[in-house]
Amino acid sequence: MSDTDTVLVNRSGGAVTITLNRPDKLNAFNDDMHLALRQALAEAREAEDARAILLTGAGRAFCAGQDLGDRDPRRGVPDLGHTLETFYNPTVRLIRAIEKPVVCAVNGVAAGAGANFALACDIVLAAKSARFIQAFCRLGLVPDAGGSWHLTRLLGEARAKALALTGEPLDAETAERWGLIWKAVDDEALADEARALVEAFAKGPTKGYGLTKQAIHAASTQTLDSQLDMERDFQRKAGYSADYAEGVAAFLEKRVPEFSGK
Ligand code: T3D
């Protein structure tokens with residue numbers, strides 16, 4: 001790890017903290033940061049002893065979306081469909097597919113794809129001073145990195161359209177009240193609260209968490225009937241896990257469970 005790394009990775013027990021690290025650019029994405037983030041997420045996904053992930057930003061911002069310095073039209077017109085396919089979409093798909101909790105600590109402004117990467121995570125905590133900005137309309141673009149999907153599902157069409165068409169900043173407390181994020185916390189408490197959450201997840205029943213994520217993801221596209229079948233199948237799998245046996249044993253023995261993640 002060096003100060004010039006665009007993404008910093010820190011492992012503490014089963015908790016992996018991934019920090020976007022271009023603070024001078026408000027952690028805007030260049031190609032290098034895209035690839036480094038994807039590699040860090042993929043490694044955390046694969047490592048059996050990595051059991052929970054925290055994504056956050058260095059400095060005063062979480063992420064200002066695409067680095068617009070790399071999009072100067074005087075140097076040629078970019079194919080943005082290609083950049084979404086190559087850089088943004090694989091990372092959103094990866095975050096959703098990780099069968100471990102992914103927490104996002106939005107430590108400051110989250111704009112454009114930066115806001116929408118946060119929404120792709122499982123649990124979003126934000127500093128009260130943070131703002132979520134669907135900045136795309138200011139550039140003549142459409143919300144990407146899953147934004148049109150997450151905003152609409154989490155907020156409904158009226159609020160999704162208003163945020164996307166006006167580009168108005170949404171403060172963290174309103175985002176919490178509207179159900180866009182889990183919690184807005186005092187700025188000085190954000191890092192500790194996020195770390196505590198991820199450390200708790202890192203000691204939790206990882207297999208059950210993974211299946212829970214999958215079931216909730218499936219819910220928006222399935223009928224109740226199909227969802228009930230899925231719950232039956234997932235519960236069967238969860239019931240065979242070592243963590244289920246440990247959870248029940250700990251309850252019966254009136255002690256705190258020690259989950260292995262298996
Ligand atoms: O292109 C594709 O591949 C398609 C995909 C697109 C995905 C997207 O994310 S499109 C949306 C891109 N992002 C934006 O439009 C946001 C642009 N930034 C802002 O609107 C503002 O910076 C913020 C609202 C985020 C924060 O405002 P403020 O006043 O707190 O900070 P600032 O002074 O504007 O920025 C501080 C520095 O960061 C400044 O650099 P300087 O002047 O100190 O050298 C600024 O230029 C730089 N910066 C901020 N955002 C970006 C950026 N540099 C490059 N790209 C940025 N996105």
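A salt bridge is taken here as a side-chain nitrogen of Lys or Arg within 4 Å of a carboxyl oxygen of Asp or Glu. In this predicted model, Asp122 and Lys213 form such a pair, with 2.8 Å between the closest N and O atoms. The domain assignment of the protein places residues 2–202 in domain 1 and residues 206–252 in domain 2, and one salt bridge is counted between domain 1 and domain 2.

Helix H2 (80–97), helix H4 (147–155) and helix H7 (190–202) each contribute at least two residues to the side of domain 1 that touches domain 2. The composition of that side of domain 1 is seven nonpolar, six charged and no polar residues. In total, 13 residues of domain 1 contact seven residues of domain 2. About 850 Å² is buried between domain 1 and domain 2, and carbon and sulfur atoms account for 48% of this area. Seven residue pairs, with both members at pLDDT 80 or more, are in polar contact across the interface of domain 1 and domain 2. The separation of the C-alpha centres of domain 1 and domain 2 is 27 Å.

An open sheet is formed by four strands, ordered E4-E6-E8-E9, with mixed pairing. Strand E4 (61–63) and strand E9 (170–171) are the edge strands, each pairing on one side only. Strands of a sheet pair through backbone hydrogen bonds, in either a parallel or an antiparallel manner. E4 and strand E6 (residues 109–111) run parallel and are joined by two bridges. Opposite Val109 in E6 stands Ala61.

How values were computed. Residues numbered from 1 in each chain as written. Predicted model: local features only at pLDDT ≥ 70, side-chain atom pairs only at ≥ 80, totals over all residues. Heavy atoms only, no water. Domains from an automatic or database assignment. Contact = heavy atoms within 4.5 Å. Buried area = accessible area lost by both parts, 1.4 Å probe. Polar contact = N/O pair within 3.5 Å; in protein donor to acceptor, adjacent residues only side chain to side chain. Nonpolar A, V, L, I, M, F, W, Y, C, P; charged D, E, K, R; others polar. Pairing = 2+ DSSP bridges.
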